[in-house]
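Subject: Model handover

Hello,

Please find the model below, followed by notes on what was found in it.

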Amino acid sequence: MKQLYIDGQWMAGAGVTTTRSPSDRSDVIAEYASAGAEQAALAVAAAHAAAPAWGLSGVQQRADALDAIGTEILARKTELGTLLSREEGKTLPEGIAEAGRAGAIFKFFAQEALRVRGDRLASVRPGIEVDVTREPVGVVGIIAPWNFPIAIPAWKIAPALAYGNTVVFKPAELVPGCAWALAEIISRAGLPPGVFNLAMGPGRVVGEAMLNDSRVNAISFTGSTSTGERVMLACARRRARMQLEMGGKNPLVVLADADLDVAVNAALQGSFFSTGQRCTASSRLIVDEQIYGKFVDALAGRMAALKVGHALHQGIDIGPVVDSSQLEQDLSYIEIAKGEGARLVCGGERLQRETDGYFLSPALFADCEPGMRHAREEIFGPVASVIPAKGYEHALALANDTEFGLTAGICTTSLKHATHFKRNAKAGMVMVNVPTAGVDYHVPFGGTKGSSFGPREQGSNAVEFFTTVKTSYTSA
Ligand code: UN1
């Protein structure tokens, strides 16, 4: 059994979880310890006790540890990517790429640890100098989702440690394997006991323990909007710092002047790759009516060639849905869409393969109205809705007509429309002629409106959440 990692020790939990591959339910991956309230409290206590000394540790020590973690992840990215694909169900190339991304993130933040800047200003009062410096926040609770089981933990854990915070990491219950493998690598990086703790277990036990413990100074969360709202209320109640990444219903606008191949590629990748299980997925395809028919036909043609199957098999484009409840949610939205009068162009069917997995053919709905439920709510599966638009202004208005604001894409060859869209799309990330999903690891990530709350993740901006600012006045 793979154990919890608390205060520099491997230990058993209150229960055990057995995981199976979504590609093949007969493929048992491993047994993992599951923390109870007692272990969750121990993890918080360990992180709390380790925080003062780690907060004063040298930046070279932090940089060296993070760099070593990144080096090992990169060296083992095929093995880690294979575990990821087996456990979560994204295809093997996607799994390996994600492991590589996690390694790169650790290496990026190893260097960022050396670049924590301050400011020195003259006071408005003569003879006094003002220093503005950054300090660690303390204990950071990290609550991660299942859909990027190694990259998202990496982009929360690496900056937390780089800037001198201690960590309690609660991975999603569906993906303890990736979390455990990452924790095992971190456990050998020379960090003092208690600086990093792995507490696998249910949200209502481990998550709640972190949310309600005043020794946890900050929570970085990625997950569903409904859980995010619970996190927000719990943090607000005790004034904990929070960073929330929640849902998306991201538009991809296709204008009449778009390069059709570029647009179809962006839609195909953005809507369906990683089985559509990305908060950055393009689930609303807003297409100018002048090229509407051509676009729908071309996209459906490309979708027909997609191979859906076992995530570890060669040549597969789309792996399984992650579990039975997500599959049920996808299928129920497909029924809702049909009931609302959207036209099912292709897909949306449960598929049988030689192994017992949660296979679903990617679904394309056309002639969707912007008010339809399936076109407004996040499905988190391989389902895209095509909405016709009358010209650019209408397309922009449709794109912004959503409670979410994570990514927004446009395919166009017009510099004027591209520039206008970049300025006026109400989203944290805008993509021109590239898919809405699949982002770089060294620049800020996050959205507006209902998608995100708190400072941005990733890139140099990560310092804002993981440090607090001190202003000192000195009269020499
Ligand atoms: C990506 O599209 O490359 O949960 C990353 C998610 C996002 C990460 C998306 N937080 O899907």
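At what angle do helix α2 and helix α4 pack, and how far apart are their axes? The angle between α2 (residues 59–75) and α4 (residues 92–112) is about 165°, and the axes lie 8 Å apart. α2 is therefore roughly antiparallel to α4 (angles under 35 degrees count as roughly parallel, over 145 as roughly antiparallel, 65 to 115 as roughly perpendicular and the rest as oblique). Axes are lines fitted to C-alpha atoms, for helices over the stretch in contact, with angles running from 0 to 180 degrees between N-to-C directions.

This is a predicted model, in which local features need pLDDT of at least 70 and side-chain atom pairs count only at pLDDT 80 or more, while totals for chains, interfaces and linings use all residues. Residues are numbered from 1 along each chain as its sequence is written, and side-chain values use heavy atoms, with hydrogens and water left out. Helices (H or I, at least four residues) and strands (E, at least two) are DSSP runs, numbered from the N terminus.

Residues of α2 in the contact (heavy atoms within 4.5 Å) include Ala-63, Leu-66 and Ile-69, and those of α4 include Ala-99, Gly-103 and Phe-106. By class, this contact has 11 nonpolar, four polar and two charged residues (Ala, Val, Leu, Ile, Met, Phe, Trp, Tyr, Cys and Pro count as nonpolar, Asp, Glu, Lys and Arg as charged, and the others, Gly among them, as polar).

Next, the sheet. Seven strands form an open sheet with mixed pairing, in the order β14-β17-β18-β13-β12-β19-β20; two strands pair if DSSP finds at least two bridges between them. At the edges are β14 (343–346) and β20 (429–432), each pairing on one side only. From one strand to the next the twist averages 25°. Strands β12 (residues 250–254) and β13 (residues 282–288) run parallel and are joined by five bridges, and Val-253 stands opposite Ile-286 in β13. Helix α12 (residues 391–400) packs on the sheet and touches β12, β13, β18 (383–389) and β19 (407–411).

Ser-282, in strand β13, is buried, at a relative accessible area of 1% (buried means under 20%, exposed over 50%, partly exposed in between, with a 1.4 Å probe and protein chains only). Beyond its neighbours within four places in sequence, Ser-282 has contacts that include Asn-250, Leu-252 and Thr-436.

Ala-144 is in the loop between β7 (139–143) and α5 (151–162). Ala-144 counts as buried because its relative accessibility is 6%.

Regards
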